Amino acid sequence: MKPAILLVDDDLAICEVLRDVLNEHVFEVRVCHSGNDALMAIAQHPEIALVLLDMILPDINGLLVLQHIQRQRPDLPVVMLTGLGSESDVVVGLEMGADDYIAKPFNPRVVVARVKAVLRRSGALAVETTTTKSSGLHFNGWRLDTERCQLLNAAHEQVDLTQGEYGLLLALMQNSRKVLSRERLLELTHSESLEVFDRTIDVLIMRLRRKIELNPHQPALIRTIRGIGYVFSADVIQAENNAA
């Protein structure tokens, strides 16, 4: 069964391009041009697996739509589509629980890649498996499954991550013990948005600390280096296991 995507944007040209390119990648695409129509579609179609949500809509603000989605279907992934100058909306949206953001103008292939990554993480899109080996990253009893994009704690329980959180944690772990500036972290996670949304790194760091730190207010794993950036302070081990 094709994963169903709801595209919410009042720009008809953008909708046409994205519908075509997503259809090429075997997604079922539903399109709404207003926030109220989107909320109705979400209520009526439980098969919708992801929402691509523009922040500027003709009837209600995209952040209000996001807020309603979080109440109505808190597990439904939302990727924000944002225009230039919308940094404050992005920061608020990430704080509210949006999974990711894509800045306009964008390459449609980037949208497809982001959509696939979010759907793999949510389990709505099957993970491509190999017959040889599956790798993961380990730190302090935790495991980041880089094949399924999942984080497991020491009790082997899954800790939910948004796509943005996963991408940032992966970048930090792959560069453990190295101090990374916000600009460098953006290059590793959202390169096409480098000049626009640098504050989102701080929001995602805050969200990650709430999930992996014993005391988020006194972080021991993701430390702030004042005036420079952040450092992942745990030793990271890459392990390979035989896949089933």
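I began with the second largest pocket: 14 residues line it, and Q163, G167, L168, L188 and T189 lie nearest its centre. For the record, I worked on a 1 Å grid over the protein atoms alone, where a pocket is an open set of points with protein on both sides within 12 Å along at least five of seven lines, a cavity is a set where a 1.4 Å probe fits but cannot get out, and lining residues have an atom within 4 Å of a point. This is a predicted model, in which local features need pLDDT of at least 70 and side-chain atom pairs count only at pLDDT 80 or more, while totals for chains, interfaces and linings use all residues. Residues are numbered from 1 along each chain as its sequence is written, and side-chain values use heavy atoms, with hydrogens and water left out.

**Second largest pocket, continued**

I noted about 190 Å³ of space here; a volume is the space filled by probe spheres set on the grid points, which are joined across faces, edges and corners. Helix 6 gives the largest share of this lining, eight residues. Helix 5 (108–122), helix 6 and helix 7 (182–189) each supply at least two. Helices (H or I, at least four residues) and strands (E, at least two) are DSSP runs, numbered from the N terminus. By class I found six nonpolar, six polar and two charged residues. In this scheme Ala, Val, Leu, Ile, Met, Phe, Trp, Tyr, Cys and Pro count as nonpolar, Asp, Glu, Lys and Arg as charged, and the others, Gly among them, as polar.

**Largest pocket**

Next I looked up the largest pocket, with a volume of about 290 Å³. Its lining has 14 residues, and P74, D75, D99, R121 and D160 lie nearest the centre. I counted four nonpolar, five polar and five charged residues around this pocket.

**Cores**

I then turned to the largest nonpolar core, which has 53 residues, with V51 and F232 making the most contacts inside it. Helix 6 (residues 163–174) gives this core its largest share, seven residues. Apart from it I found another core, of 22 residues, among them F27, A49, V79 and V115. A nonpolar core is a set of buried Ala, Val, Leu, Ile, Met, Phe, Trp, Tyr and Cys residues joined through side-chain atoms within 4.5 Å.

Leaving aside neighbours within four places in sequence, F232 is in contact (heavy atoms within 4.5 Å) with residues including F139, L169, L172, M173, I212, L221 and I222.

**D54**

An unreviewed UniProt entry lists D54 for "modified residue: 4-aspartylphosphate". I placed D54 in strand 3 (residues 48–54). Is D54 buried or exposed? D54 counts as buried, because its relative accessibility is 5%; buried means under 20% relative accessible area, exposed over 50%, and partly exposed in between (1.4 Å probe, protein chains only). Beyond four places in sequence, D54 touches V8, D9, D10, G62, L81 and K104.

**Whole chain**

Last, I noted eight helices and 13 strands, and 49% of the 244 residues count as buried.

Conventions. UniProt positions renumbered as here; feature names shortened; annotations may be inferred.
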